[in-house]
Amino acid sequence: MNGKRRTFKEASIPALSPLKEPPWRSIPVTLSPLGVTGMPQKGRDMMTLLLLLLFLCEAQSWAASKPNFVLLMADDLGIGDPGCYGNKTLRTPNIDRLARGGVKLTQHLAASPLCTPSRAAFMTGRYPVRSGMASQSQVGVFLFSASSGGLPPSEITFAKLLKDQGYSTALIGKWHLGISCHDPGDFCHHPTSHGFDYFHGLPLTNMRDCKLGEGSVFTAAFRLLVLLPMQLIALALLTLVVLKWLGLFRAPPCAFLFLFLLATLLLGLLLGFLHYFRPLNCFLMRNRDITQQPMSYDNLTQRLTADAAHFLRRNAETPFLLVLSFLHMHTALFSSKDFAGKSQHGSYGDAAEEMDWSVGQILDVLDELKLANNTLVYFSSDQGAHVEEVTVKGEVQGGSNGIYKGGKANNWEGGIRVPGIVRWPGVIQAGLEIDEPTSNMDIFPTVAKLAGSPLPQDRVIDGRDLMPLLQMRTQRSEHEFLFHYCNSYLNAVRWHPPNSTSIWKAFFFTPKFSPEGANGCFDTHVCFCYGQYVTYHDPPLLFEISRDPRERNPLTPTSEPRFWEILEAMQEAAARHARTLQDVPNQLSLGNLMWKPWLQLCCSSLGLSCQCDREDQDGRHSP
């Protein structure tokens, strides 16, 4: 492990106070419309000029004191992937450099183990169930660009707060929180409607269907909705032919015609879906304009990284927020020729090392612009690695969750414990390692307070300011309880009691891994949250995470004398939490998830052909 492990007993760094009142507000001078009272006119004019100059200088100094923010979010990166978290064979020198220069959080938790709800929580500082961004069905993320669901306009993101404080804001990369509500031009869920001045990237998500030859995430649906009906139609036709040959039943010709037409319709729908899905859903946008449809993977990381660097250079003199949301490590995996075939971990390792290169480019630009000391850099992943990602050829295309059980789409530690690195030279001590429970929801109040923005008072904010913990002004996380949701269902509760080093975790249900003995739900590709796919526990399944992070040894009343007392406290906390929830529209309902032709964005007017390319393939920013 890189970096020296330090404890909270070491000398603390003085706390930063970016929110103190600007000095000019406390100057005891009375100004009148004609100048400063009590002085001759010439003296009053000179004093007025000096005060104006002082005001302008202090205003410029006050603006410069506001920190910048660079938030780097990987997709499906496991906590066991970066070198700084123990990986010895995957090369991540730039992520490791970031960790050496800042704080490494070893119990950093995603608010959800799925992309869409986790990113909603990250942006708003709230459990996704509060905004309706937690599904009640098996499908927990958006699969079509022309869905009507998304992050509601009523939600407040940290980008909105910072924009109101004068920050330049940009999101480059993956969004996955919806586009439009009622018509293709309202862009109610789009990043530019949620506080980002600039957006360049993929409004949906990277998936296998976006890259030719990489398979489909809809394979199970094809089997159920197309192949099974086709088999039944074939069986019906064969039965009718046999009955007719035996002279037992003579079906009218229209019956054969009907079955033939039905089979033709199903086959046509399948071929149409396979042909049109990629251009209709896998496209890049710059702000509200489509720049490439379908998206090309050629130098994609280089293009997005170059645009992020351009944003930094363009806003070097003003406070800025950059969210660089990587398409890596979600399948379909991709990498440029400079990285393809270079790692020890196949296509997954190639993609991870290319992402690390991108992180390094951003850090280098901050150094080049001499902005590193005034910039808080955060690196994390939206959830754990997708362990079920294995190709038909047996190639593992999911990452490593280290020692932890499970992965993406479940709330075992492997699904929610993610890398968490925060760097701010001179403000946060380098090389520190903190094992307190923290959440990706904590970024919202942390950046808001540092930027001088008050938190919204009309809603519950579940995140907590990280700075007291990062600066060692406190030894404990402010999260006594954290609630782990599987879609909209409360799956588990985590409790870190006051004045105790113990961390308890109680599961109300757990997913049924398949096949038996596996470390994931390989038969369904992801784990589901209810019904036959889970095992319910009464009493809840209790672990002491602080002693059993692998979650191998559930406690019993015999092994833990306070068993019932602990569970009672956690169930009471869950009940209190439930009382803070309000009924909100379900953004991931079937009606909001389904494809709506009238919401489809297309860069051409030629039906559904949707072909255009206004991107710069060599990675240079387009003017």
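I take buried to mean under 20% relative accessible area and exposed to mean over 50%, with partly exposed in between, using a 1.4 Å probe and protein chains only.

**Entry 1, ground rules.** The model is predicted, and I therefore keep to its conditions: local features need pLDDT of at least 70 and side-chain atom pairs count only at pLDDT 80 or more, whereas totals for chains, interfaces and linings use all residues. Residues are numbered from 1 along each chain as its sequence is written, and side-chain values use heavy atoms, with hydrogens and water left out.

Counting bonded cysteines along the protein chain, I wrote down the pattern as 1-2, 3-4, 5-8, 6-7, 9-11, 10-12.

The torsion about their S-S bond is -120°, and the link of C603 and C612 is left-handed.

I then turned to the disulfide that joins C602 to C610, where the S to S distance is 2.0 Å. Its torsion about the S-S bond is about -125°, which means that the disulfide of C602 and C610 is left-handed. C602 counts as partly exposed because its relative accessibility is 26%, whereas C610 is buried, its relative accessible area being 0%.

I looked up C84, which counts as buried at 1% relative accessibility, and C254, which counts as exposed at 53%.

For a nonpolar core I used a set of buried Ala, Val, Leu, Ile, Met, Phe, Trp, Tyr and Cys residues joined through side-chain atoms within 4.5 Å. The largest nonpolar core has 111 residues, of which F69, F158 and F379 touch the most other members. A second, separate core of 25 residues includes A111, Y127, L542 and L567.

Taking contact as heavy atoms within 4.5 Å, and not counting residues up to four places away in sequence, I listed what F158 touches, including L71, F122, M123, L321 and V447.

Methods:
Disulfide = S-S within 2.5 Å.
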